[in-house]
Amino acid sequence: MTATAAEQNHLSPTSHPQRWLILGVICLAQLTVLLDNTVLNVAIPSLTRELDASTADAQWMINAYSLVQSGLLLTAGSSADRYGRKKMLITGLALFGIGSLVAGLAQSSAQLIAARAGMGIGGALLMTTTLAVVVQIFDDTERVKAIGVWSTVSSLGFAVGPLIGGVMLDHFWWGAIFLINIPVAVIGLVAVARLVPESRSSTGERPDLLGALLSTIGMAAVVYAIISGPGHGWASGQVMLTAFIGVAVLTGFVLWELHIPYPMLDMHFFRNQRFIGAVAGAILVAFGMGGSLFLLTQQLQFVLGHGPLEAGLRTAPLAVSVIVLNLTGLGARLVPKLGTPVTIAAGMGLLAAGLAAIALLGRDGYGGMLLGLVVMGAGIALAMPAMANAIMSAIPPEKAGVGAGVNGTLAECGNGLGVAVLGAVLNSRFAALVPTAVGAASLPAVLAAASGEGERRRITDAFASGLETSQLAGAAAVLAGGLLAAVLLRRAERGESARADPAAAAA
(Lines give C-alpha, C1' and ligand atoms only; values in the text may rest on other atoms or scores of the structure.)
Protein backbone atom coordinates (compact mmCIF):
# COMPACT_ATOMS: atom_id res chain seq x y z
CA MET A 1 0.00 0.00 0.00
CA THR A 2 1.13 3.59 -0.50
CA ALA A 3 2.18 5.56 2.53
CA THR A 4 0.03 8.37 3.87
CA ALA A 5 1.41 11.90 4.07
CA ALA A 6 2.12 11.50 7.77
CA GLU A 7 3.90 8.20 7.24
CA GLN A 8 5.98 9.66 4.44
CA ASN A 9 7.05 12.59 6.61
CA HIS A 10 8.11 10.14 9.26
CA LEU A 11 10.01 8.08 6.71
CA SER A 12 11.62 11.06 4.97
CA PRO A 13 15.40 11.02 5.29
CA THR A 14 17.39 13.82 6.84
CA SER A 15 19.46 15.84 4.39
CA HIS A 16 22.94 14.56 3.62
CA PRO A 17 25.68 17.09 4.50
CA GLN A 18 27.21 16.83 1.01
CA ARG A 19 23.88 16.64 -0.81
CA TRP A 20 24.47 19.49 -3.29
CA LEU A 21 27.88 18.15 -4.30
CA ILE A 22 26.36 14.69 -4.76
CA LEU A 23 23.56 16.24 -6.84
CA GLY A 24 26.17 17.81 -9.11
CA VAL A 25 27.87 14.44 -9.59
CA ILE A 26 24.71 12.52 -10.47
CA CYS A 27 23.48 15.32 -12.75
CA LEU A 28 26.78 15.08 -14.65
CA ALA A 29 26.18 11.34 -15.11
CA GLN A 30 22.61 11.96 -16.25
CA LEU A 31 23.69 14.72 -18.65
CA THR A 32 26.03 12.29 -20.39
CA VAL A 33 23.14 9.88 -20.99
CA LEU A 34 20.90 12.62 -22.38
CA LEU A 35 23.57 14.19 -24.57
CA ASP A 36 24.23 10.86 -26.22
CA ASN A 37 20.85 10.81 -27.95
CA THR A 38 20.85 14.39 -29.23
CA VAL A 39 24.49 14.27 -30.33
CA LEU A 40 23.88 11.10 -32.34
CA ASN A 41 21.11 12.70 -34.39
CA VAL A 42 23.62 15.20 -35.76
CA ALA A 43 26.11 12.44 -36.56
CA ILE A 44 23.78 10.21 -38.60
CA PRO A 45 24.99 11.53 -42.02
CA SER A 46 28.63 10.85 -41.05
CA LEU A 47 27.79 7.40 -39.71
CA THR A 48 25.86 6.53 -42.84
CA ARG A 49 28.80 7.52 -45.02
CA GLU A 50 31.66 6.05 -42.94
CA LEU A 51 29.99 2.74 -42.05
CA ASP A 52 28.08 2.36 -45.32
CA ALA A 53 24.90 2.17 -43.25
CA SER A 54 21.44 1.86 -44.72
CA THR A 55 18.49 3.97 -43.61
CA ALA A 56 17.27 1.06 -41.49
CA ASP A 57 20.74 0.76 -39.89
CA ALA A 58 20.72 4.46 -39.06
CA GLN A 59 17.29 4.16 -37.46
CA TRP A 60 18.44 1.23 -35.34
CA MET A 61 21.53 3.15 -34.22
CA ILE A 62 19.15 5.59 -32.56
CA ASN A 63 16.34 3.22 -31.61
CA ALA A 64 18.46 0.42 -30.10
CA TYR A 65 19.40 2.75 -27.26
CA SER A 66 15.92 4.14 -26.59
CA LEU A 67 14.21 0.75 -26.87
CA VAL A 68 16.53 -0.98 -24.40
CA GLN A 69 16.49 1.96 -22.01
CA SER A 70 12.72 2.38 -21.98
CA GLY A 71 12.14 -1.35 -21.66
CA LEU A 72 14.45 -1.66 -18.65
CA LEU A 73 13.49 1.44 -16.64
CA LEU A 74 11.10 -0.32 -14.25
CA THR A 75 13.44 -3.28 -13.84
CA ALA A 76 16.40 -0.98 -13.24
CA GLY A 77 14.50 0.96 -10.59
CA SER A 78 13.41 -2.21 -8.83
CA SER A 79 16.98 -3.57 -8.90
CA ALA A 80 18.27 -0.34 -7.38
CA ASP A 81 15.78 -0.61 -4.51
CA ARG A 82 16.67 -4.22 -3.85
CA TYR A 83 20.43 -4.36 -4.40
CA GLY A 84 21.46 -0.81 -3.56
CA ARG A 85 21.11 2.48 -5.42
CA LYS A 86 24.80 3.37 -5.19
CA LYS A 87 25.76 -0.06 -6.48
CA MET A 88 23.41 0.22 -9.46
CA LEU A 89 24.59 3.78 -10.16
CA ILE A 90 28.19 2.56 -10.33
CA THR A 91 27.10 -0.37 -12.52
CA GLY A 92 25.23 1.97 -14.84
CA LEU A 93 28.23 4.29 -15.21
CA ALA A 94 30.53 1.35 -15.92
CA LEU A 95 28.20 -0.16 -18.55
CA PHE A 96 27.67 3.22 -20.17
CA GLY A 97 31.41 3.88 -20.31
CA ILE A 98 32.20 0.44 -21.75
CA GLY A 99 29.40 0.76 -24.30
CA SER A 100 30.72 4.19 -25.32
CA LEU A 101 34.20 2.75 -25.86
CA VAL A 102 32.86 -0.08 -28.03
CA ALA A 103 30.65 2.36 -29.97
CA GLY A 104 33.53 4.77 -30.60
CA LEU A 105 35.72 1.98 -31.98
CA ALA A 106 32.97 0.18 -33.95
CA GLN A 107 33.88 -0.92 -37.47
CA SER A 108 30.40 -1.85 -38.68
CA SER A 109 26.78 -0.88 -38.26
CA ALA A 110 26.04 -4.11 -36.39
CA GLN A 111 28.80 -3.43 -33.85
CA LEU A 112 27.56 0.11 -33.28
CA ILE A 113 23.95 -1.01 -32.85
CA ALA A 114 25.01 -3.66 -30.31
CA ALA A 115 27.10 -1.11 -28.43
CA ARG A 116 24.19 1.31 -28.35
CA ALA A 117 21.97 -1.40 -26.87
CA GLY A 118 24.57 -1.96 -24.15
CA MET A 119 24.64 1.76 -23.48
CA GLY A 120 20.85 1.61 -23.11
CA ILE A 121 21.23 -0.79 -20.17
CA GLY A 122 23.60 1.63 -18.47
CA GLY A 123 21.31 4.53 -19.34
CA ALA A 124 18.30 2.85 -17.71
CA LEU A 125 20.24 2.30 -14.50
CA LEU A 126 21.49 5.90 -14.48
CA MET A 127 18.11 7.50 -15.20
CA THR A 128 16.41 5.65 -12.33
CA THR A 129 19.15 5.66 -9.70
CA THR A 130 19.98 9.35 -10.05
CA LEU A 131 16.42 10.42 -9.17
CA ALA A 132 16.17 7.77 -6.45
CA VAL A 133 19.37 9.08 -4.84
CA VAL A 134 17.99 12.63 -4.94
CA VAL A 135 14.95 11.45 -2.96
CA GLN A 136 17.19 9.73 -0.43
CA ILE A 137 19.63 12.60 0.29
CA PHE A 138 17.24 15.59 0.33
CA ASP A 139 14.52 16.16 2.91
CA ASP A 140 11.05 17.50 2.16
CA THR A 141 12.07 21.15 2.46
CA GLU A 142 14.66 20.98 -0.37
CA ARG A 143 13.49 18.07 -2.49
CA VAL A 144 11.39 20.06 -4.98
CA LYS A 145 14.32 22.41 -5.66
CA ALA A 146 16.71 19.46 -6.06
CA ILE A 147 14.33 17.68 -8.45
CA GLY A 148 14.05 20.97 -10.36
CA VAL A 149 17.82 21.00 -10.84
CA TRP A 150 17.73 17.31 -11.81
CA SER A 151 15.01 17.90 -14.41
CA THR A 152 16.89 20.94 -15.76
CA VAL A 153 19.56 18.58 -17.01
CA SER A 154 17.08 17.20 -19.56
CA SER A 155 16.60 20.62 -21.06
CA LEU A 156 20.34 21.30 -20.99
CA GLY A 157 20.99 18.06 -22.86
CA PHE A 158 18.47 19.01 -25.51
CA ALA A 159 19.90 22.53 -25.89
CA VAL A 160 23.60 21.79 -26.13
CA GLY A 161 23.59 18.30 -27.66
CA PRO A 162 23.31 19.34 -31.32
CA LEU A 163 25.84 22.14 -30.81
CA ILE A 164 28.40 19.84 -29.17
CA GLY A 165 27.81 17.27 -31.89
CA GLY A 166 28.37 19.85 -34.62
CA VAL A 167 31.61 21.10 -33.07
CA MET A 168 32.93 17.57 -32.50
CA LEU A 169 32.17 16.47 -36.06
CA ASP A 170 33.83 19.59 -37.47
CA HIS A 171 37.12 18.75 -35.74
CA PHE A 172 37.16 14.98 -35.13
CA TRP A 173 35.88 11.73 -36.62
CA TRP A 174 32.44 10.44 -35.67
CA GLY A 175 33.73 8.06 -32.96
CA ALA A 176 34.74 11.02 -30.80
CA ILE A 177 31.09 11.72 -29.92
CA PHE A 178 31.07 8.42 -28.03
CA LEU A 179 34.60 8.46 -26.64
CA ILE A 180 33.97 11.83 -24.96
CA ASN A 181 31.65 9.95 -22.59
CA ILE A 182 34.49 7.88 -21.15
CA PRO A 183 36.29 10.53 -19.04
CA VAL A 184 32.90 11.70 -17.72
CA ALA A 185 32.01 8.12 -16.76
CA VAL A 186 35.39 7.67 -15.01
CA ILE A 187 35.00 10.92 -13.07
CA GLY A 188 31.47 9.89 -12.18
CA LEU A 189 32.59 6.47 -10.96
CA VAL A 190 35.24 7.95 -8.65
CA ALA A 191 32.89 10.64 -7.32
CA VAL A 192 29.99 8.23 -6.75
CA ALA A 193 32.23 5.75 -4.97
CA ARG A 194 33.56 8.45 -2.63
CA LEU A 195 30.48 10.61 -2.04
CA VAL A 196 27.16 8.84 -2.61
CA PRO A 197 25.78 6.93 0.40
CA GLU A 198 24.39 3.46 -0.16
CA SER A 199 20.67 2.97 0.32
CA ARG A 200 18.33 0.09 -0.39
CA SER A 201 14.96 -1.27 0.63
CA SER A 202 15.04 -3.01 4.00
CA THR A 203 12.08 -5.27 3.31
CA GLY A 204 14.15 -8.14 1.90
CA GLU A 205 11.70 -9.02 -0.86
CA ARG A 206 12.39 -11.81 -3.32
CA PRO A 207 13.35 -10.64 -6.82
CA ASP A 208 10.41 -10.52 -9.23
CA LEU A 209 12.14 -12.11 -12.21
CA LEU A 210 9.02 -12.83 -14.26
CA GLY A 211 7.72 -9.31 -13.64
CA ALA A 212 11.03 -7.88 -14.81
CA LEU A 213 10.91 -9.97 -17.99
CA LEU A 214 7.29 -9.08 -18.76
CA SER A 215 7.76 -5.34 -18.16
CA THR A 216 10.90 -5.25 -20.31
CA ILE A 217 9.32 -7.07 -23.26
CA GLY A 218 6.02 -5.20 -23.00
CA MET A 219 7.50 -1.71 -22.74
CA ALA A 220 10.04 -2.34 -25.51
CA ALA A 221 7.28 -3.60 -27.82
CA VAL A 222 4.99 -0.64 -27.12
CA VAL A 223 7.77 1.90 -27.59
CA TYR A 224 8.87 0.18 -30.80
CA ALA A 225 5.31 0.38 -32.16
CA ILE A 226 5.17 4.10 -31.33
CA ILE A 227 8.56 4.76 -32.93
CA SER A 228 7.90 2.75 -36.10
CA GLY A 229 4.27 3.80 -36.59
CA PRO A 230 4.91 7.03 -38.52
CA GLY A 231 7.36 5.33 -40.87
CA HIS A 232 5.62 2.01 -41.53
CA GLY A 233 2.03 3.22 -41.18
CA TRP A 234 -0.17 2.73 -38.13
CA ALA A 235 -2.29 0.11 -39.88
CA SER A 236 0.68 -1.94 -41.08
CA GLY A 237 0.97 -5.52 -39.90
CA GLN A 238 4.36 -4.92 -38.28
CA VAL A 239 3.16 -2.02 -36.14
CA MET A 240 -0.19 -3.59 -35.24
CA LEU A 241 1.40 -6.92 -34.26
CA THR A 242 4.10 -5.25 -32.17
CA ALA A 243 1.56 -3.03 -30.42
CA PHE A 244 -0.71 -6.03 -29.72
CA ILE A 245 2.21 -8.02 -28.28
CA GLY A 246 3.23 -5.08 -26.11
CA VAL A 247 -0.28 -4.49 -24.74
CA ALA A 248 -0.85 -8.21 -24.18
CA VAL A 249 2.44 -8.67 -22.34
CA LEU A 250 1.88 -5.55 -20.21
CA THR A 251 -1.59 -6.86 -19.35
CA GLY A 252 0.05 -10.08 -18.23
CA PHE A 253 2.53 -8.02 -16.21
CA VAL A 254 -0.30 -6.21 -14.39
CA LEU A 255 -2.11 -9.46 -13.61
CA TRP A 256 1.10 -11.05 -12.36
CA GLU A 257 1.95 -8.07 -10.15
CA LEU A 258 -1.54 -8.16 -8.61
CA HIS A 259 -1.26 -11.79 -7.54
CA ILE A 260 2.22 -12.11 -6.06
CA PRO A 261 3.32 -11.09 -2.54
CA TYR A 262 6.52 -9.35 -3.71
CA PRO A 263 5.58 -7.29 -6.80
CA MET A 264 8.17 -5.25 -8.64
CA LEU A 265 5.56 -2.52 -9.14
CA ASP A 266 2.88 -2.43 -6.46
CA MET A 267 -0.37 -1.88 -8.39
CA HIS A 268 -1.95 -0.42 -5.26
CA PHE A 269 -0.03 2.75 -6.11
CA PHE A 270 -2.62 3.31 -8.82
CA ARG A 271 -5.35 3.58 -6.16
CA ASN A 272 -3.63 6.71 -4.85
CA GLN A 273 -5.19 9.81 -6.43
CA ARG A 274 -1.99 11.79 -5.85
CA PHE A 275 -0.06 9.22 -7.86
CA ILE A 276 -2.70 9.03 -10.63
CA GLY A 277 -2.87 12.82 -10.92
CA ALA A 278 0.89 13.19 -11.17
CA VAL A 279 1.07 10.31 -13.67
CA ALA A 280 -1.57 11.91 -15.92
CA GLY A 281 0.21 15.24 -15.81
CA ALA A 282 3.66 13.76 -16.45
CA ILE A 283 2.50 11.87 -19.55
CA LEU A 284 0.85 14.94 -21.04
CA VAL A 285 3.75 17.30 -20.33
CA ALA A 286 6.05 14.85 -22.12
CA PHE A 287 3.38 14.48 -24.82
CA GLY A 288 3.25 18.24 -25.40
CA MET A 289 7.00 18.77 -25.22
CA GLY A 290 7.98 15.80 -27.41
CA GLY A 291 5.28 16.41 -29.99
CA SER A 292 5.85 20.17 -30.16
CA LEU A 293 9.59 19.82 -30.70
CA PHE A 294 8.95 17.33 -33.48
CA LEU A 295 6.58 19.81 -35.14
CA LEU A 296 8.82 22.82 -34.51
CA THR A 297 11.75 21.22 -36.30
CA GLN A 298 9.62 20.72 -39.40
CA GLN A 299 8.12 24.20 -39.22
CA LEU A 300 11.53 25.86 -38.97
CA GLN A 301 13.06 23.84 -41.81
CA PHE A 302 10.20 23.18 -44.23
CA VAL A 303 8.06 26.31 -43.74
CA LEU A 304 10.54 29.00 -42.65
CA GLY A 305 13.48 27.60 -44.65
CA HIS A 306 16.17 27.27 -41.95
CA GLY A 307 18.93 24.67 -42.02
CA PRO A 308 19.30 21.95 -39.34
CA LEU A 309 21.79 23.88 -37.19
CA GLU A 310 19.79 27.10 -37.50
CA ALA A 311 16.64 25.22 -36.55
CA GLY A 312 18.37 23.76 -33.50
CA LEU A 313 19.55 27.19 -32.38
CA ARG A 314 16.06 28.63 -32.77
CA THR A 315 14.52 26.01 -30.51
CA ALA A 316 17.14 26.67 -27.81
CA PRO A 317 15.08 29.41 -26.02
CA LEU A 318 12.72 26.69 -24.80
CA ALA A 319 15.53 24.87 -23.02
CA VAL A 320 17.20 28.08 -21.87
CA SER A 321 14.02 29.35 -20.19
CA VAL A 322 13.56 25.99 -18.41
CA ILE A 323 17.17 26.05 -17.22
CA VAL A 324 17.10 29.65 -15.99
CA LEU A 325 13.80 29.30 -14.13
CA ASN A 326 14.72 25.98 -12.52
CA LEU A 327 18.16 27.16 -11.43
CA THR A 328 16.61 30.24 -9.82
CA GLY A 329 14.35 27.89 -7.86
CA LEU A 330 11.10 29.57 -8.95
CA GLY A 331 9.08 26.36 -8.99
CA ALA A 332 10.48 25.23 -5.64
CA ARG A 333 9.37 28.53 -4.08
CA LEU A 334 5.91 28.45 -5.63
CA VAL A 335 4.96 24.89 -4.62
CA PRO A 336 4.79 25.66 -0.85
CA LYS A 337 2.89 28.91 -1.53
CA LEU A 338 0.43 27.75 -4.18
CA GLY A 339 0.33 24.02 -3.48
CA THR A 340 1.19 21.23 -5.89
CA PRO A 341 -2.20 21.15 -7.73
CA VAL A 342 -2.21 24.87 -8.52
CA THR A 343 1.47 24.86 -9.50
CA ILE A 344 0.95 21.97 -11.92
CA ALA A 345 -2.23 23.53 -13.36
CA ALA A 346 -0.44 26.85 -13.86
CA GLY A 347 2.58 25.19 -15.45
CA MET A 348 0.57 23.09 -17.87
CA GLY A 349 -1.64 26.09 -18.65
CA LEU A 350 1.48 28.03 -19.65
CA LEU A 351 2.71 25.07 -21.70
CA ALA A 352 -0.62 24.96 -23.54
CA ALA A 353 -0.56 28.74 -24.05
CA GLY A 354 2.94 28.50 -25.50
CA LEU A 355 1.86 25.81 -27.94
CA ALA A 356 -1.13 27.91 -28.99
CA ALA A 357 1.07 31.00 -29.43
CA ILE A 358 3.41 29.08 -31.72
CA ALA A 359 0.44 27.80 -33.73
CA LEU A 360 -1.26 31.17 -34.13
CA LEU A 361 1.67 33.61 -34.13
CA GLY A 362 4.63 31.60 -35.40
CA ARG A 363 3.39 30.71 -38.87
CA ASP A 364 4.94 33.62 -40.75
CA GLY A 365 7.97 34.50 -38.66
CA TYR A 366 10.15 33.70 -35.69
CA GLY A 367 8.95 36.42 -33.30
CA GLY A 368 5.69 34.68 -32.40
CA MET A 369 7.50 31.35 -32.14
CA LEU A 370 10.08 32.84 -29.76
CA LEU A 371 7.31 34.09 -27.47
CA GLY A 372 5.67 30.67 -27.52
CA LEU A 373 8.94 28.89 -26.75
CA VAL A 374 9.66 31.08 -23.73
CA VAL A 375 6.12 30.62 -22.38
CA MET A 376 6.40 26.85 -22.92
CA GLY A 377 9.69 26.82 -21.05
CA ALA A 378 8.12 28.66 -18.11
CA GLY A 379 5.33 26.12 -18.00
CA ILE A 380 7.67 23.14 -18.10
CA ALA A 381 9.88 24.67 -15.38
CA LEU A 382 6.83 24.94 -13.10
CA ALA A 383 5.08 21.66 -13.89
CA MET A 384 7.81 19.04 -14.32
CA PRO A 385 9.59 19.27 -10.92
CA ALA A 386 6.24 19.49 -9.09
CA MET A 387 4.94 16.39 -10.88
CA ALA A 388 8.13 14.39 -10.38
CA ASN A 389 8.03 15.27 -6.69
CA ALA A 390 4.33 14.31 -6.51
CA ILE A 391 5.07 10.91 -8.07
CA MET A 392 8.00 10.25 -5.76
CA SER A 393 6.15 11.46 -2.63
CA ALA A 394 3.21 9.16 -3.41
CA ILE A 395 5.55 6.14 -3.23
CA PRO A 396 7.22 4.96 0.00
CA PRO A 397 10.91 6.01 0.21
CA GLU A 398 12.05 2.38 0.14
CA LYS A 399 10.50 2.15 -3.36
CA ALA A 400 12.25 5.27 -4.69
CA GLY A 401 13.91 3.36 -7.51
CA VAL A 402 10.60 2.02 -8.79
CA GLY A 403 9.16 5.52 -8.55
CA ALA A 404 12.01 6.86 -10.66
CA GLY A 405 11.43 4.03 -13.14
CA VAL A 406 7.76 4.97 -13.41
CA ASN A 407 8.71 8.63 -13.95
CA GLY A 408 11.21 7.74 -16.68
CA THR A 409 8.82 5.33 -18.38
CA LEU A 410 6.11 7.99 -18.49
CA ALA A 411 8.52 10.45 -20.10
CA GLU A 412 9.53 7.92 -22.77
CA CYS A 413 5.92 7.00 -23.58
CA GLY A 414 4.71 10.59 -23.49
CA ASN A 415 7.41 11.76 -25.87
CA GLY A 416 6.72 8.93 -28.28
CA LEU A 417 2.98 9.44 -28.16
CA GLY A 418 3.39 13.18 -28.70
CA VAL A 419 5.36 12.60 -31.88
CA ALA A 420 2.99 9.87 -33.05
CA VAL A 421 -0.36 11.53 -32.31
CA LEU A 422 0.48 15.11 -33.27
CA GLY A 423 2.33 13.82 -36.33
CA ALA A 424 -0.79 11.89 -37.33
CA VAL A 425 -2.94 15.03 -36.92
CA LEU A 426 -0.48 16.95 -39.10
CA ASN A 427 -0.50 14.28 -41.81
CA SER A 428 -4.29 13.99 -41.78
CA ARG A 429 -4.81 17.74 -42.17
CA PHE A 430 -2.12 18.01 -44.85
CA ALA A 431 -3.58 15.10 -46.84
CA ALA A 432 -7.05 16.66 -46.64
CA LEU A 433 -5.75 19.92 -48.11
CA VAL A 434 -3.39 18.31 -50.65
CA PRO A 435 -4.89 14.95 -51.73
CA THR A 436 -2.00 14.38 -54.15
CA ALA A 437 0.35 14.18 -51.13
CA VAL A 438 -1.23 10.94 -49.88
CA GLY A 439 1.42 8.23 -49.91
CA ALA A 440 4.32 10.64 -50.44
CA ALA A 441 7.43 9.98 -48.37
CA SER A 442 7.94 13.58 -47.18
CA LEU A 443 7.12 17.22 -47.79
CA PRO A 444 10.29 17.73 -49.89
CA ALA A 445 9.15 14.87 -52.14
CA VAL A 446 5.74 16.51 -52.62
CA LEU A 447 7.39 19.87 -53.38
CA ALA A 448 9.74 18.25 -55.89
CA ALA A 449 6.78 16.84 -57.78
CA ALA A 450 4.95 20.20 -57.86
CA SER A 451 4.40 21.68 -61.34
CA GLY A 452 5.15 25.31 -60.54
CA GLU A 453 5.85 27.97 -57.93
CA GLY A 454 2.15 28.56 -57.29
CA GLU A 455 1.54 24.90 -56.50
CA ARG A 456 4.62 24.74 -54.27
CA ARG A 457 3.32 27.74 -52.33
CA ARG A 458 -0.08 26.07 -51.94
CA ILE A 459 1.60 22.90 -50.65
CA THR A 460 3.71 24.84 -48.16
CA ASP A 461 0.66 26.74 -46.92
CA ALA A 462 -1.24 23.47 -46.50
CA PHE A 463 1.65 22.00 -44.50
CA ALA A 464 1.73 25.12 -42.29
CA SER A 465 -2.02 24.75 -41.74
CA GLY A 466 -1.50 21.13 -40.71
CA LEU A 467 1.19 22.20 -38.25
CA GLU A 468 -1.14 24.80 -36.78
CA THR A 469 -3.94 22.26 -36.33
CA SER A 470 -1.65 19.70 -34.68
CA GLN A 471 -0.11 22.27 -32.34
CA LEU A 472 -3.55 23.45 -31.24
CA ALA A 473 -4.57 19.82 -30.66
CA GLY A 474 -1.47 19.39 -28.50
CA ALA A 475 -2.30 22.56 -26.57
CA ALA A 476 -5.84 21.32 -25.87
CA ALA A 477 -4.55 17.92 -24.68
CA VAL A 478 -1.98 19.51 -22.36
CA LEU A 479 -4.51 21.96 -20.89
CA ALA A 480 -7.03 19.17 -20.27
CA GLY A 481 -4.32 17.05 -18.69
CA GLY A 482 -3.25 19.89 -16.41
CA LEU A 483 -6.80 20.43 -15.16
CA LEU A 484 -7.28 16.67 -14.64
CA ALA A 485 -4.01 16.36 -12.73
CA ALA A 486 -4.84 19.36 -10.55
CA VAL A 487 -8.31 18.04 -9.69
CA LEU A 488 -7.00 14.57 -8.77
CA LEU A 489 -4.13 15.98 -6.71
CA ARG A 490 -6.48 18.36 -4.89
CA ARG A 491 -8.86 15.51 -4.06
CA ALA A 492 -5.93 13.45 -2.79
CA GLU A 493 -4.79 16.28 -0.52
CA ARG A 494 -8.29 16.70 0.89
CA GLY A 495 -8.52 12.96 1.53
CA GLU A 496 -5.16 12.94 3.33
CA SER A 497 -6.23 15.94 5.45
CA ALA A 498 -9.48 14.20 6.34
CA ARG A 499 -7.66 11.05 7.45
CA ALA A 500 -5.16 13.08 9.47
CA ASP A 501 -7.85 15.21 11.19
CA PRO A 502 -11.32 13.59 11.03
CA ALA A 503 -12.81 16.19 13.39
CA ALA A 504 -11.76 19.10 11.21
CA ALA A 505 -13.04 17.35 8.07
CA ALA A 506 -16.43 16.72 9.72
CA ALA A 507 -16.65 20.35 10.81
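**A note on salt bridges and a helix pair**

1. There are two salt bridges in this structure. Please keep in mind as you read that the model is predicted. As background, side chains of opposite charge can pair when their charged atoms come close.

2. Let's take R85 and D81 to begin with. Their side chains form a salt bridge, with an N to O distance of 2.7 Å. Is R85 buried or exposed? R85 is buried, because its relative accessible area is 1%, under the 20% cut-off. D81 has a relative accessibility of 3%, so D81 is buried too.

3. The other pair is R457 with D461, a salt bridge in which the closest N and O atoms are 3.5 Å apart. Where do these two residues sit? Both belong to helix α18, which covers residues 453-500. They are four residues apart there, about one turn of the helix. R457 counts as exposed because its relative accessibility is 51%, and exposed means over 50%. D461, at a relative accessible area of 29%, is partly exposed.

4. Helix α14 (residues 340-361) packs with helix α15 (residues 366-393), their axes being 7 Å apart and at an angle of about 155°. Therefore α14 is roughly antiparallel to α15, since angles over 145 degrees fall in that class. The crossing of α14 with α15 is left-handed.

5. Which classes of residue make up the contact of α14 with α15? The contact has 21 nonpolar and seven polar residues, and no charged residues.

Notes
Residues are numbered from 1 along each chain as its sequence is written. This is a predicted model: local features need pLDDT of at least 70, side-chain atom pairs count only at pLDDT 80 or more; totals for chains, interfaces and linings use all residues. Side-chain values use heavy atoms; hydrogens and water are left out. A salt bridge is a side-chain nitrogen of Lys or Arg within 4 Å of a carboxyl oxygen of Asp or Glu. Buried means under 20% relative accessible area, exposed over 50%, partly exposed in between (1.4 Å probe, protein chains only). Helices (H or I, at least four residues) and strands (E, at least two) are DSSP runs, numbered from the N terminus. Axes are lines fitted to C-alpha atoms, for helices over the stretch in contact, and angles run from 0 to 180 degrees between N-to-C directions. Angles under 35 degrees count as roughly parallel, over 145 as roughly antiparallel, 65 to 115 as roughly perpendicular and the rest as oblique. A crossing is left-handed if the near helix is turned anticlockwise from the far one by less than a right angle, and right-handed if clockwise. Ala, Val, Leu, Ile, Met, Phe, Trp, Tyr, Cys and Pro count as nonpolar, Asp, Glu, Lys and Arg as charged, and the others, Gly among them, as polar.
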